[in-house]
Amino acid sequence: MTAPELDAVRLLDGVAVPQLGVGVFQVPPQDAQRVVEDALDLGYRHVDTAAAYVNEAGVGAALAASGLPREDVFVTSKLRNGDQGYDSALRAYDDTCARLGLDQLDLYLVHWPNPAAGRYADSWRALRRLHDEGRVRAVGVSNFLVEHLDALDGVPAVNQVELHPTYQQRDLVAACRDRGIVVEAYSPLGQGADLADPVVVGTAERHGVTPAQVVLAWHLQSGHVVIPKSSRRERLAENLAAAELVLTEDELAAVGSLDRGHRTGGDPATFSLSQIR
Ligand SMILES: NC(=O)C1=CN([C@@H]2O[C@H](COP(=O)(O)OP(=O)(O)OC[C@H]3O[C@@H](n4cnc5c(N)ncnc54)[C@H](OP(=O)(O)O)[C@@H]3O)[C@@H](O)[C@H]2O)C=CC1
Ligand SMILES: O=C(O)C(=O)[C@@H](O)[C@H](O)C(=O)CO
């Protein structure tokens with residue numbers, strides 16, 4: 001099988017990110033190597049993990065087993081809430097690299113602002129130091145609202161946020177783009193919930209593709225970096241093939257009309273330390 005050509009998105013400092021990657025939230029540690037090996041074998045070149053997913057070691061084992069040159073795979077991980085703070089963030093980065101078996105990540109994110117703890121700005125300063133020292137290629141944030149972005153010294157390369165047809169966060173996306181921040185869509189399928197929508201299903205039927213491919217093509221044509229998760233090889237292949245689907249302007253607008261302001265994950269204003277390690 002020939003893998004589709006994956007477009008890349010450029011971050012502020014010029015680092016190129018494959019626009020479609022694979023996420024591994026809720027992939028159990030014992031399955032992570034198999035899932036990521038499958039993804040790499042199918043042609044994925046971008047993997048999104050986090051210390052809080054407790055599967056970095058499996059991801060690292062898959063990277064090693066793939067035999068791919070290090071520079072061919074874009075690897076992201078995230079600072080868990082329990083490691084926020086300047087010194088602890090520096091230590092956490094070393095631990096993440098060790099678990100992944102890598103000297104350098106392509107992208108490291110502050111996972112949640114967790115404003116009640118008051119440590120996200122210090123954590124971000126530590127990430128900037130890692131970047132200034134060349135120890136990570138790019139640094140960014142996740143789940144940051146505009147007020148959190150504007151409290152930082154400097155501009156994150158990426159804001160990874162919940163984004164799918166029924167939860168589009170248009171104001172936040174516009175604010176990120178105004179600042180030159182690339183938006184990464186997490187839970188891009190709405191964790192599966194957006195796939196039953198009649199507009200999505202009807203569009204899929206017209207093209208002879210699957211609902212997931214319609215939703216992912218909408219993301220790609222909307223300029224989002226997108227990291228769908230699947231533990232199943234056939235769905236990994238299906239999701240990757242979405243890069244070959246082209247929706248019309250009317251179809252993009254129809255999927256774009258599905259926003260219901262319906263969040264499936266945590267609320268960044270309140271999501272706290274105890275909820276994600
Ligand atoms: N920064 C953050 O706070 C967060 C980041 N993320 C990142 O985003 C990634 C993706 O988000 P996630 O929350 O996992 O949700 P997704 O929107 O990617 O949905 C995943 C769900 O959809 C199913 N699925 C996948 N592909 C298909 C398909 N083709 N057809 C039907 N069902 C499908 C999966 O089941 P199955 O595995 O059985 O195929 C799983 O149940 C995460 O893995 C993680 O890397 C996610 C949440 C928060
Ligand atoms: O997957 C992640 O990266 C998350 O932070 C969240 O999914 C979090 O664990 C959660 O479940 C929020 O409801």
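Is asparagine 239 buried or exposed, and at what relative accessibility? In this predicted model, asparagine 239 counts as buried because its relative accessibility is 3%, where buried denotes under 20% relative accessible area, exposed over 50%, and partly exposed the range in between (1.4 Å probe, protein chains only). Residues are numbered from 1 along each chain as its sequence is written, and chains are lettered from A and ligands numbered from 1 in the order in which they are written. Because the model is predicted, local features need pLDDT of at least 70 and side-chain atom pairs count only at pLDDT 80 or more, while totals for chains, interfaces and linings use all residues, and side-chain values use heavy atoms, with hydrogens and water left out.

The protein contains ten helices and ten strands, these being DSSP runs numbered from the N terminus (helices, H or I, at least four residues; strands, E, at least two). For its 277 residues a compact globule would have a radius of gyration near 19 Å, and the value of 18 Å computed for the protein agrees with this; the radius is taken over C-alpha atoms, and the globule rule is 2.2 Å times the number of residues to the power 0.38. The C-alpha trace spans about 55 × 40 × 35 Å along the principal axes. Of the 277 residues, 54% are buried, and the accessible surface comes to about 11,600 Å², of which carbon and sulfur atoms contribute 48%; accessible areas come from the Shrake-Rupley method with a 1.4 Å probe, and for residues only the protein chains shown count as cover. Among contacts (heavy atoms within 4.5 Å) between residues at least 6 apart in sequence, 75% join residues at least 24 apart.

The sheet is open and consists of eight strands in the order β3-β4-β5-β6-β7-β8-β9-β10, with parallel pairing. Strands β3 (22-23) and β10 (225-226) stand at its edges with a single partner strand each, so that one side of each is left without a neighbour in the sheet. Two strands are taken to pair if DSSP finds at least two bridges between them. In general, strands of a sheet pair through backbone hydrogen bonds, either parallel or antiparallel. Strand β4 in turn pairs with β5 in the parallel sense over three bridges, with aspartate 48 standing opposite threonine 76 in β5. Strand β5 (residues 74-79) is mostly covered, six of its six residues being buried.

Further along the sheet, β8 (residues 158-162) runs parallel to β9 and is joined to β9 by five bridges, and glutamine 160 is placed opposite glutamate 184 in β9. All five of the five residues of β9 are buried, and both faces of the strand are covered, with Val182, Glu184 and Tyr186 on one side and Val183 and Ala185 on the other. The loop between β9 (182-186) and α7 (198-207) includes serine 187, a residue with a positive phi of about 45° although it is not a glycine. Glutamine 191 lies in the loop between β9 and α7 as well, and its phi is also positive, near 55°. Most residues other than glycine have a negative phi. Serine 187 counts as buried at 17% relative accessibility, whereas glutamine 191 is exposed, with a relative accessible area of 52%.

Asparagine 239 is found in helix α9 (residues 233-241) and, leaving out residues up to four places away in sequence, touches Leu20, Tyr44, Ala212, Leu216, Pro228 and Ser230. Its C-alpha atom is separated by 7.2 Å from that of leucine 216, which is 23 residues away along the chain. Aspartate 38, in helix α1 (residues 29-42), counts as buried at 15% relative accessibility, and beyond its neighbours within four places in sequence aspartate 38 is in contact with Arg233 and Leu236. Glutamate 251 lies in helix α10 (residues 249-256) and counts as buried at 8% relative accessibility; with residues up to four places away again left out, glutamate 251 touches Thr203, Arg206 and His207.
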